[in-house]
Amino acid sequence: MLMAGFVLPGLAQVQPDYPLGVGNALRIQVFQNPDLTIETRVSENGAITYPLLGEVALGGLSIAAAEKKISEGLQQGGFLQNPQVNIVLVQIRGNQVSVLGQVARPGRFPLETANTRLTDMLANAGGATPGGDDVAIVTGVRNGKPFRSQVDIPAIFLDADIQNDLILQGGDTIYVHRAPVFYIYGEAQRPGAFRIERNMTVMQALAQGGGPTARGSEKRLRLHRKDARGNVLQLEPNLTDAVQPNDVIFVKESIF
């Protein structure tokens, strides 16, 4: 009978399919056999050295599979009958995650613990820049298949959407794109390009541009927007309409 893998107190439960990798620090215990308790680290070739067994390849195995492999080795070698092996993942090293795009410190960062989450790694990278999007794109491999997820970062905190604060694995890449913008010109106090804030309306977009000049009118707006085919539509928006990425708002002169 094998005991389920766990981590030291203070660390969250490791994902059952978490693959052991180079640099992972392990504590291996065998029930009622304290002389077989060791702390070791997975070497560059993905193996450890274990008493009685010598070199054991654990790289790429889940914790449960690694426990089973050591247990079978002890049993088949005639050392123990029905050994109960438990592996504790003490620390993760060697596995890295890339953080790219609109973050303060883009680069590669090590996974130091088994429960490192998306928000932890974004914090390591200094968070998104003022021009960064609210959405982070996470890519990697899960269960041997390509993995991709778009995560709304503010929603994790504002809407308590904790389940989307993904647990990362070595080789993952986090990408933060530029935030979507809109453009305002014409009789606006501050024409230019501005970040689209969450749930922004045309009225709020007009305020970002400082409002109309003395010659302009908030009642005389023209909005240029591309449709799905790339055609530019000319609309007369209401102040309560939602702003979409790459919208262009033209503030016309008052007719008086």
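This note goes through the strand pairing and the salt bridges of a predicted model.

1. **The five-strand sheet.** Five strands make up an open sheet. Their order is β8-β7-β11-β9-β10, and the pairing is mixed. The edges are β8, residues 107-110, and β10, residues 145-152. Each of these two pairs on one side only. From one strand to the next, the twist averages 20°.

2. **Inside that sheet: β7 and β11.** Strand β7 covers residues 96-101, and strand β11 covers residues 173-178. The two run parallel and are joined by four bridges.

3. **β2 with β6.** Strands of a sheet pair through backbone hydrogen bonds, either parallel or antiparallel. Strand β2, residues 25-30, pairs with β6 in the antiparallel sense. Six bridges hold this pairing. L26 stands opposite L89 in β6. R27 has V88 of β6 as its bridge partner.

4. **β2 with β3.** Strand β2 also pairs with strand β3, residues 38-41. This pairing is antiparallel too, over four bridges. Here the bridge partner of I28 is I38 in β3.

5. **How enclosed is strand β6?** Strand β6 spans residues 85-91. Five of its seven residues are buried, so the strand is largely enclosed by the rest of the structure. Buried here means under 20% relative accessible area.

6. **Salt bridges overall.** How many salt bridges does the model hold? The count comes to eight. Some of them form a network that links D134, D152, R195, E197 and R198. The next two points take pairs from among these residues.

7. **R195 and D134.** These side chains meet in a salt bridge at 2.8 Å, N to O. The pair links distant parts of the chain, 61 residues apart. R195 belongs to strand β13, residues 192-195, and D134 to strand β9, residues 132-142. Is D134 buried or partly exposed? D134 has a relative accessible area of 23%, so it counts as partly exposed.

8. **R198 and D152.** R198 forms a salt bridge with D152, with the closest N and O atoms 2.9 Å apart. R198 lies in the loop between β13 and α4 (202-208), while D152 lies in strand β10, so the pair ties together parts 46 residues apart in sequence.

9. **D247 and R225.** This salt bridge brings the closest N and O atoms to 2.7 Å. The partners are 22 residues apart, and the pair links distant parts of the chain. D247 sits in the loop between β15 (232-235) and β16 (248-253). R225 sits in strand β14, residues 216-226.

How values were computed:
Residues are numbered from 1 along each chain as its sequence is written. This is a predicted model: local features need pLDDT of at least 70, side-chain atom pairs count only at pLDDT 80 or more; totals for chains, interfaces and linings use all residues. Side-chain values use heavy atoms; hydrogens and water are left out. Two strands pair if DSSP finds at least two bridges between them. Axes are lines fitted to C-alpha atoms, for helices over the stretch in contact, and angles run from 0 to 180 degrees between N-to-C directions. Buried means under 20% relative accessible area, exposed over 50%, partly exposed in between (1.4 Å probe, protein chains only). A salt bridge is a side-chain nitrogen of Lys or Arg within 4 Å of a carboxyl oxygen of Asp or Glu.
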